[in-house]
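Please work through each task before reading its solution.

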Amino acid sequence: MKAGILRFVFVLFLAGGILWGGYFVLSAHAATYGDVVISEIMYDPIGAEPDTEWVELYNPGSASVDVGGWVLSDTEGTCTIPSGTSIAAGGFLVVSQAALSDTDFITITKVVCTPSGTFELGDGTGFGTAADELALFNASGERVFGSLALPYPDMDAGSNQGNSIGLVYPLAGWSSDTADWAVETTVVSSTNYAHHTAGAPNDGWSGYMTTNHTITADGTVNVGTEWQANGEQLGSADSVDFYVTWDADYIYVGMVGGNTGSDKYNVLIDTDPLDEGADNSGNTTPNYCGATFAEDGKPDYAIQLYPGNMARAQATGSSWINWTPSDSGGNMGTNQVEFYIQKSDLGLTSSDPVGFYLYACNSGDRVWAAWPPENEVDTTNVVTQTTRVVFENTLANRSPRYEGSMRGAQTVAADTTGEKLFFDDASGAVDYYARLYVTTAGGGSCTVKVTTRGNALATRLDGGLRRLYTITPQNCTGLAARINLKFNDGAMNGAPDEYRGAHPDTTQLYRWDGTAWTVITSTYDINNKVIYTNDAQSSFSPWTAGDPTNASAPTAITLQTFRAEGGLPLALSLGLLFGLAVILVGLRLYRRRTV
């Protein structure tokens, strides 16, 4: 009898550990920034304000999200979503201060929130006709989306009555940039509204959320009919346009430019791009058509199209051997090429990350065009490719343009004073992404490693810009240097804007001091599009940038999200550890009583 009771107690401890661990896991998931996004705003309806204004929430995830008790807030008031409200996976919820009775809302999932204070944006008559702030907080008071510093834009200066505005690609995060929003054009039969897409994907999403999307890969990059520039063109560099997309089974790459009568076009594939150093498989050398590769991003496979033929190779040891995939290859057109890469040939599924080096080399096997643009080109010498474009998954309803993060690392000696360039294309122009001007050398064996994450998911979700740098001195004593860092402004290389609507001329650099981001007095160089510290720095750690004039500075979550990549989220780890601890206590008690 005693043993049976003890077993029952042990089972209770076991179940308790699992439930408590699961509770922390689920609670942590509910608090994740970006789990629910503000996808559409009706801030200037034809009808009475604020009663006919509304905000649409979108759940981009694969599981339902409980939003009961969540709060929409502007700078003057709040509106609380009633308990028991949830948004299904891939679903929408329209939130308003009063019941929406228009016929176009009969079948739309909607809820009435409870206002507090003056929940109105813009001109004071509801959401108003002017740009204003809007943010979504969960029941614990953690911000889930939006901003109380960066306003949404007024798309046509007060003449947008009856039309909603929507994010063109919601997974890119909140933004003040008009390029990230669009006026909805779907006509509705309504007294209070003219155009909106409430309860459905925004009008612009079809041009951005393009996957799963099949390409014929016949060698002709048909933009507009097959390829979509808004969602699938990564950018342009060295007179070549680079495209990527995918469907459930294949990844497709397109390049437009060059001379297919003499040039060679290359796709090199890193199948474990989130691993670094020795943990990252593949080859750094020998060179492949004029390029070697950084230790943190070694390619595992290569496909090359050249006049009249194709080569496919696999990395093994320190060499390349012939690769015979089931169905991966490509075709050449007139000065353009298309590749098709079967995911199973790489041992990958749609949920796995994958990285690419995309470049063209001449008949002399020297690189003359490369993507990402951080990579060096040189028609005379072999170059080291430091940066690849990384996709954390190849799932449906994604935008390769916005999902492609530029991940790079480069180490340079800092044993002498003077200029040290990182991610420089060696063209002679100011095309570096990071520059240290060393004022005090760090000793004979001093080197500095700079890593970068451009167009990065973490920073485009919460504060700061869409790029993070980490500067790590190695074997250095007394090193001091002025720092220059570059951020894509939307005009450079046709890549997405990393400023998120912040103003470059008021942007300052921020350094992580171990517990918080510290602003470092800096200046924006409009001609070279870099931000540089006014004084030499002797402390080196993660760096990003933000605009302190409108409080768009980075927050701790920015760094934590970067650091957590590739591992268990902090709360998930704590939940599992707590559950394990309870189980172990129960087991120990059980053993004591039965000895």
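Strands are DSSP runs of E with at least two residues, and helices are runs of H or I with at least four residues, both numbered from the N terminus. The model is predicted, so local features need pLDDT of at least 70 and side-chain atom pairs count only at pLDDT 80 or more, while totals for chains, interfaces and linings use all residues. Residues are numbered from 1 along each chain as its sequence is written, and side-chain values use heavy atoms, with hydrogens and water left out.

**Exercise 1.** Describe the surroundings of Leu268.

*Solution.* 
Step 1. Locate the residue: Leu268 belongs to strand S17, residues 264-270.
Step 2. With a relative accessible area of 0%, Leu268 is buried.
Step 3. List contacts, defined as heavy atoms within 4.5 Å. Leaving aside residues up to four places away in sequence, Leu268 touches Tyr288, Phe293, Pro299, Tyr301, Ala302, Trp320, Gly355, Phe356, Tyr357 and Tyr359.
Step 4. Compare sequence and space: Leu268 and Tyr357 are 89 residues apart in sequence, yet their C-alpha atoms are 5.1 Å apart.

**Exercise 2.** Determine how many disulfides there are and how the bonded cysteines pair.

*Solution.* 
Step 1. Apply the criterion: a disulfide is a pair of cysteine sulfur atoms within 2.5 Å. The count is 3 disulfides.
Step 2. Number the bonded cysteines of the protein chain in sequence order; the pairing reads 1-2, 3-4, 5-6.

**Exercise 3.** For the disulfide of Cys79 and Cys113, state the geometry and what the link ties together.

*Solution.* 
Step 1. The S to S distance is 2.1 Å.
Step 2. The angle about the S-S bond is 90°, and the link of Cys79 and Cys113 is right-handed.
Step 3. Cys79 lies in strand S5 (residues 77-80) and Cys113 in the loop between strand S8 (110-112) and strand S9 (114-117), so the pair ties together parts 34 residues apart in sequence.
Step 4. Cys79 is buried at 0% relative accessible area, and Cys113 is buried at 3%.

Notes. Buried < 20%, exposed > 50% of the residue type's maximum accessible area, 1.4 Å probe, protein only.
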